[in-house]
Amino acid sequence: MNPNKALWEKGDFTRIAATMRESGEALVGTLGIKKGLKVLDLGCGDGTTALPAAKLGADVLGVDIARNLVDAGNRRAQEHGLANLRFQEGDATDLTGLQDKTFDLVVSIFGAMFAPKPFDVAKEMVRVTRPGGRIVMGNWIPNDPTLVAQILKISATYMPPPPEGFVSPMTWGVETNVIERFTRAGVPQGNVSFGRNTYQFNFPGAPSDFVDTFRCFYGPTMNAFDAAEKNGHASDLRKELDALFESQNTSQHKDTTSIPATFLRVTVTVN
Ligand SMILES: C[S@@+](CC[C@H](N)C(=O)[O-])C[C@H]1O[C@@H](n2cnc3c(N)ncnc32)[C@H](O)[C@@H]1O
């Protein structure tokens, strides 16, 4: 089994995605979506961005490597009565089956960054975008002090070293890497621009309950706990994550959690 697919099918990302809906909808509101726009949401999960894009009238295809998330996305499309939204399984490193120059907008929010072979991913995103179309990515930033970068950083210290040649997903949060990947795919450097945005995680429970949700349902954190348990360090990992979530929580109510996280927003115009 492809380890990338196994990682995301191991848990149930819908449980984390449920805490990200407001920010997903707000981000989609900034994308200039009009009725009939052809949108690909790559690494779409269960549709945190795909669904609001379809609600604005776009014709949306969500592609994700995890079968369980594709199924969850299609269920949500049906529940919302959205005939212009569908989800299918696919790998961002090889979008065989999707025609060249098809989409007006390719969006990938914390999605394609998790695929291996980043140069192939950039090439595929450019290939399926129509001339004059855009690619918008949201990528977590390495060593950023906010939530997700810190979860991944802490988790990595409990994991065995990655295999030789492994390229960290976090390199998608470094502007020079992003430019190198898109210019190699034929995009002029001047067509790649960057901004910093914030996503808000809103969880209906205390910060330590939110840590539990990551431990039980978020593939990368599940793997970190599996590795830490083998070495007898699971309680250290737990303590570090509890302290992180507690310190980042901005909610005034003790039984809800609200945590902002900064990401790199990448916009690419395809000629
Ligand atoms: C952090 S989740 C984000 C999901 C969604 N974009 C959202 O904002 O809720 C990462 C997603 O990327 C997907 N993914 C990881 N590697 C992928 C690949 N090679 N091709 C397509 N999807 C991939 C995972 O299955 C998962 O749904």
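Guide: Alanine 6 counts as partly exposed because its relative accessibility is 29%, where buried means under 20% relative accessible area, exposed over 50%, and partly exposed in between (1.4 Å probe, protein chains only). This is a predicted model, in which local features need pLDDT of at least 70, side-chain atom pairs count only at pLDDT 80 or more, and totals for chains, interfaces and linings use all residues. Residues are numbered from 1 along each chain as its sequence is written, and side-chain values use heavy atoms, with hydrogens and water left out.

Visitor: What distance separates the C-alpha atoms of alanine 6 and alanine 66?

Guide: Alanine 6 belongs to helix H1, helices being DSSP runs (H or I, at least four residues) and strands likewise (E, at least two), numbered from the N terminus. Alanine 66 is 60 residues away from alanine 6 along the chain, and the separation of their C-alpha atoms is 7.9 Å.

Visitor: Is asparagine 4 buried or exposed?

Guide: Asparagine 4 lies in helix H1, which spans residues 3-10. A polar atom of its side chain is 3.0 Å from the backbone oxygen of phenylalanine 114, a polar contact (a pair of N or O atoms within 3.5 Å; within protein, one must be able to donate a hydrogen and the other to accept it, and residues adjacent in sequence count only if both atoms are side-chain atoms). Because its relative accessibility is 12%, asparagine 4 counts as buried.

Visitor: How much of the accessible area of the ligand does the protein cover?

Guide: The ligand is surrounded by 19 residues, Asn4 and Asp64 being among the closest; a residue is near if one of its heavy atoms lies within 4 Å. A polar side-chain atom of aspartate 64 is 2.6 Å from a ligand oxygen, and a backbone N or O atom of isoleucine 65 is 3.2 Å from a ligand nitrogen. Of the 600 Å² of accessible area that the ligand has on its own (Shrake-Rupley method, 1.4 Å probe), the protein covers 99%.
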